[in-house]
Amino acid sequence: MTVDYIVKRLGMLLVVIISAISINFIIPRLMPGDPVQQKMDQMVAMGGTVGDVQGMVQEYRKKFGLDKPVWKQFISYWGDLLRGDLGYSLNNYPQRVSSVITGALPWTAGLLITAILITFVLGILMGAVLGWPTAPRGLRGVVPVFLVLHAVPYFLLGIILLFLFAVSVRVFPGGGGYSFGTALQLSLGSIADVLKHAALPALSIVLAGVGGWALGMRGMMISVLGEDYINLAEAKGLKQRRIFLWYGVRNTMLPATTSLAMSLGHVVTGAVLVEMIFAYPGIGHQLYRAIHAKDYTVIQGIIVVLVVWLAVTLFIMDLIYPLIDRRITYRRR
Amino acid sequence: MSPDVLQVKELRVRYDTYSGVVNAVEGVSFSVRAGEKLGLVGESGCGKSSTVLALLRMIKPPGRIVAGQVLLDGVDLLRLSDEEIRLARFAAISLIPQGAMNSLNPVMRIREQIVDTMRAHNGGKSRAELDSRVRELLQWVGLSDWVANMFPHELSGGMKQRVCIAMAISLKPKVVIADEPTSALDVVVQRRVMHTLERVQQELGASVILSGHDMGLMAQFVDRLGVMYAGRLVEMGPTEAIFEDPLHPYARLLIDTLPSLDRKGDFKGIPGVAPSLLNLPAGCAFQPRCPHAVERCSVDEPAWQEARPGRWVACHLWAEGRR
Amino acid sequence: MATMYRDRAHRALRFARLNMLLVSGLAVIVAVVLVGYVGSAIINQDDARVGAFDPGLRPSRDHLLGTDRQARDVLAVLILSIPNTVKIGLLAGAVGLGIGVVLGLAAGYFGGLVDLVIRTVADVVFTIPGIAIMIIVATNIRTMSVEMMALIVASLAWMYPTRAIRAQTLSLRERLYVEVARLNGESGMELVVKQMLPNLLPYIAAGFVASVSGAILATIGLEALGLGPQGEFTLGMMIYWARFYGAILRGMWWWWSPPIAVIVVIFIGLLLASAGLDRIANPRLQRTK
Ligand SMILES: Nc1ncnc2c1ncn2[C@@H]1O[C@H](COP(=O)(O)OP(=O)(O)OP(=O)(O)O)[C@@H](O)[C@H]1O
Ligand code: SF4
Ligand SMILES: [Mg+2]
């Protein structure tokens with residue numbers, strides 16, 4: 001891995017973050033009639049029924065200096081962001097957007113990372129075996145099922161699972177991240193409770209994702225198996241298992257990781273909606289609530305976090321690629 | 001005369017494709033003597049690769065071996081169990097593949113790929129033993145030690161070809177098959193590769209089966225030559241004898257159209273079109289292009305027979321020793 | 001004449017047999033669209049009005065799919081929703097594809113700086129979670145319409161086609177016949193239109209299917225979040241309202257399951273079609289067996 005390569009990837013990371021956040025700043029200002037302004041006028045008119053409205057309006061005015069020229073606003077916006085200041089929630093004034101997010105992020109991260117890893121590993125294994133000429137018949141039979149599941153958007157599958165396992169048969173809780181009224185602690189019971197609440201949301205992501213992975217991986221496996229080096233490996237008298245893992249699967253890992261990276265945005269979007277369905281206390285659910293309450297500062301804050309999170313994940317993946325495939329460092333050197 | 005190591009009898013390979021059945025190898029019989037260099041020549045698509053791959057039982061779907069025997073020291077490779085044929089591959093009969101360019105695993109170091117070959121057959125060796133054997137093999141094919149640490153994309157085409165040769169001889173097999181080892185290389189490298197293959201035969205005592213387009217190049221290296229046409233062997237015999245007096249009209253045309261000086265180069269000037277294996281004429285497959293065709297040629301298929309001692313041919317002109 | 005027709009029919013049949021996937025995918029989609037448009041013409045539109053019947057009725061002979069909490073006939077709402085959702089999908093897909101083809105051709109054909117810029121922009125947009133941008137735009141729009149929805153969604157449906165077309169254009173450009181045409185003095189545009197477009201057709205078709213399904217997925221997501229066209233019937237809005245009124249936890253399966261079923265059928269159709277197109281574009285995936 002060369003410095004040049006890292007610098008290039010880092011540049012890409014910055015471009016992504018800067019442009020996404022700038023869009024986040026610009027679009028609301030392009031729209032006719034600033035909806036934030038509108039909402040504030042509305043709240044002032046209602047006169048302090050929700051929290052300390054006057055205080056917040058003052059704060060907001062001061063912060064964005066709405067009378068100042070746009071470019072000055074833009075600069076102070078960035079200044080605040082860099083200090084980690086995302087402003088106050090419009091609806092619950094003294095609460096900071098950053099505290100809404102830090103409260104929600106661990107839930108989303110935990111759910112998403114676990115679910116994606118399970119999906120990836122299961123999908124890859126299934127696809128690799130399916131691409132192998134002597135795939136077990138039983139496994140082949142399962143494929144259509146997973147393909148149909150794959151055709152269901154994550155959160156719709158979530159609705160179905162919710163209905164089946166929390167409404168019809170009450171095996172799992174109907175929503176939330178932990179049982180209402182209990183305090184979160186590091187006890188076995190508490191952990192079990194959290195896992196129970198995470199089960200259906202995670203299952204939605206896994207079930208809907210595995211089929212797609214398996215199908216993609218099968219395609220990659222078939223095309224790798226057509227390569228000359230597989231033929232030679234067989235002619236060399238290697239054992240099937242060795243050919244499968246070291247000549248087959250290893251060569252599909254690069255395209256597989258690439259498509260994992262490319263699908264992450266998709267997965268994140270899906271997960272946001274899954275959280276909404278299960279009222280899972282992550283950022284997806286917060287986003288839904290904020291959209292409902294037209295809490296624009298929270299919406300924007302969450303979007304900034306989503307963008308940065310995804311971009312950083314992809315950056316890390318870019319750094320991992322060359323370890324998987326030696327040809328990359330070579331080509332880009 | 002040394003005994004036969006390999007006898008191929010009535011070998012038949014077919015591919016079931018969407019456009020129809022392709023009989024890529026149709027009743028091919030020949031034998032290879034110990035320490036001999038045998039060449040198979042023919043136009044592209046005439047079934048050379050199918051023939052030699054069948055010897056290792058390496059025909060993949062949609063193709064399959066439908067009939068025949070491949071006797072290696074009297075043991076029929078086509079009747080071995082899957083595990084037995086796996087153990088025979090490269091230990092008894094090895095392959096230098098057509099397209100060595102893409103035959104190495106891109107994500108594995110050269111050392112590991114050579115070691116893999118040896119490990120698959122005699123697991124007991126220590127790492128140090130294996131490593132020193134790799135060094136020895138690389139040296140033998142004229143590559144430096146550091147090549148072992150390289151990945152395939154870091155090597156040139158000729159170097160990859162040599163790595164393939166190193167793997168093919170790593171277990172000292174009785175028969176080494178080189179399927180068009182030179183077609184992707186330039187002339188200078190071609191010759192070097194041919195010389196290396198010659199050493200395989202001289203120094204290791206292995207029999208070498210070589211397939212290729214270039215009859216002239218081939219003629220300079222092999223002891224005996226087999227000419228293939230449309231999935232069939234049409235003539236086989238000592239190289240010099242064939243060049244002096246080819247028996248089959250196709251072989252004669254091939255030799256006549258070689259550039260006269262050093263008799264080298266690809267096929268060019270044979271009149272008529274190369275046959276489609278999907279749609280062969282009745283009788284002799286070469287009949288539409290044959291200048292000597294007689295009535296019988298479009299009815300009966302000529303038999304594969306020994307027209308003179310050591311000279312085999314499939315042509316009605318030689319039926320029952322006529323002419 | 002007759003033989004020519006027979007021949008053509010024969011070839012069509014042969015194609016259909018070889019590409020069952022594409023044919024059945026298209027058939028599924030056409031069926032859904034027909035149900036939507038024909039059904040919309042047949043049913044009584046008043047049945048879908050708020051307060052038309054009693055709220056929350058289970059399915060019965062009068063209301064095959066029951067009524068919702070706003071006292072609308074679910075079947076009527078469902079049928080009226082299909083054309084709007086299909087319209088958003090097709091419109092967004094077409095816009096996305098149009099942008100994708102132009103950018104992809106430009107990047108692949110001109111190469112160099114043009115390629116670099118287009119590729120970078122596509123990569124950047126790829127990396128931004130689509131929903132983020134769409135939410136920002138959608139939250140800032142006062143009244144959402146079906147057309148507006150399609151445009152918003154289209155803004156993120158162009159990257160796949162751009163990438164695919166770029167890659168194919170590049171590989172076509174390498175091939176000889178384009179060189180030959182260039183030597184024959186054809187201009188750049190002529191070259192693109194006459195030589196390249198026909199060869200790119202399978203990829204363009206695949207790109208269209210991809211952007212349509214991406215677009216439908218995105219609209220349904222946005223609508224479920226409550227950002228859809230409030231006054232319109234769409235499949236996503238049905239799900240939004242069902243959730244809004246707690247239909248899932250209340251066990252009113254007849255309300256939320258029909259739109260899900262239709263959406264799944266649409267996606268299965270699109271999936272089949274794209275798998276079929278994949279076979280045409282990459283024959284290698286086709287196992288001969
Ligand atoms: N995998 C396959 N599927 C279908 N047909 C095949 C396959 N492999 C070979 N064939 C057919 O079998 C015939 C013989 O092919 P083969 O590769 O043995 O010829 P070859 O003499 O080695 O040609 P070349 O010089 O091009 O390597 C060809 O006509 C080809 O069409
Ligand atoms: S059998 Fe007849 S057609 Fe065939 S090569 Fe001999 S003479 Fe020619
Ligand atoms: Mg060949």
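## Salt bridges within helices of chain B

Helix α6 of chain B spans residues 187-204 and holds both Glu203(B) and Arg199(B). The two residues sit 4 positions apart, about one turn of the helix. Their side chains form a salt bridge in this predicted model. The closest N and O atoms of Glu203(B) and Arg199(B) are 3.0 Å apart. Glu203(B) counts as partly exposed, because its relative accessibility is 48%. Arg199(B) is also partly exposed, at 28%.

Helix α2 of chain B (residues 82-88) carries another pair, Arg86(B) and Glu83(B). Here the spacing is 3 residues, again about one turn of the helix. The side chains of Arg86(B) and Glu83(B) meet in a salt bridge, with 2.9 Å from N to O. Is Arg86(B) buried or exposed? Arg86(B) has 8% relative accessibility, so it counts as buried; the cut-off for buried is under 20%. Glu83(B) has 41% relative accessibility and is therefore partly exposed.

Which residue of chain B does Glu301(B) meet in a salt bridge? The partner is Arg232(B), at 2.7 Å from N to O. This pair links distant parts of the chain. Glu301(B) lies in the loop between α9 (249-256) and β11 (305-308) of chain B. Arg232(B) lies in strand β10 (residues 232-238) of chain B. Glu301(B) has a relative accessible area of 44%, so it is partly exposed. Arg232(B) counts as buried because its relative accessibility is 16%.

Chain B also has a network of salt bridges that share partners. Its members are Arg111(B), Glu112(B), Arg127(B) and Asp131(B). Side chains of opposite charge can pair when their charged atoms come close. Over all chains, the whole structure has 30 salt bridges.

## The interface of chains C and A

How many salt bridges cross the interface of chain C and chain A? The count is 0. Polar contacts between chain C and chain A come to 3 residue pairs, with both residues at pLDDT 80 or more. The two chains bury about 4,400 Å² between them. Carbon and sulfur atoms account for 78% of that buried area. Chain C brings 44 residues to the contact, and chain A brings 57.

Which helices of chain C supply at least two residues each to the side that touches chain A? They are α4 (112-127), α5 (130-139), α7 (159-174), α9 (188-224), α10 (235-244) and α11 (253-281). By class, this side of chain C has 31 nonpolar residues. It also has 7 polar and 6 charged residues.

## The fold of chain A

Chain A has 13 helices and 0 strands. From the N terminus on, its order of elements is therefore α-α-α-α-α-α-α-α-α-α-α-α-α.

Chain A has 333 residues, and 51% of them are buried. Take the contacts in chain A with a separation of 6 or more: 73% of these join residues 24 or more positions apart. The accessible surface of chain A comes to about 15,200 Å². Carbon and sulfur atoms hold 67% of that surface.

Note on methods: Residues are numbered from 1 along each chain as its sequence is written. Chains are lettered from A and ligands numbered from 1 in the order in which they are written. This is a predicted model: local features need pLDDT of at least 70, side-chain atom pairs count only at pLDDT 80 or more; totals for chains, interfaces and linings use all residues. Side-chain values use heavy atoms; hydrogens and water are left out. Contact means heavy atoms within 4.5 Å. Buried area is the accessible area (1.4 Å probe) that two parts lose on being put together, summed over both. A salt bridge is a side-chain nitrogen of Lys or Arg within 4 Å of a carboxyl oxygen of Asp or Glu. A polar contact is a pair of N or O atoms within 3.5 Å; within protein, one must be able to donate a hydrogen and the other to accept it, and residues adjacent in sequence count only if both atoms are side-chain atoms. Ala, Val, Leu, Ile, Met, Phe, Trp, Tyr, Cys and Pro count as nonpolar, Asp, Glu, Lys and Arg as charged, and the others, Gly among them, as polar. Buried means under 20% relative accessible area, exposed over 50%, partly exposed in between (1.4 Å probe, protein chains only). Accessible areas come from the Shrake-Rupley method with a 1.4 Å probe; for residues, only the protein chains shown count as cover.
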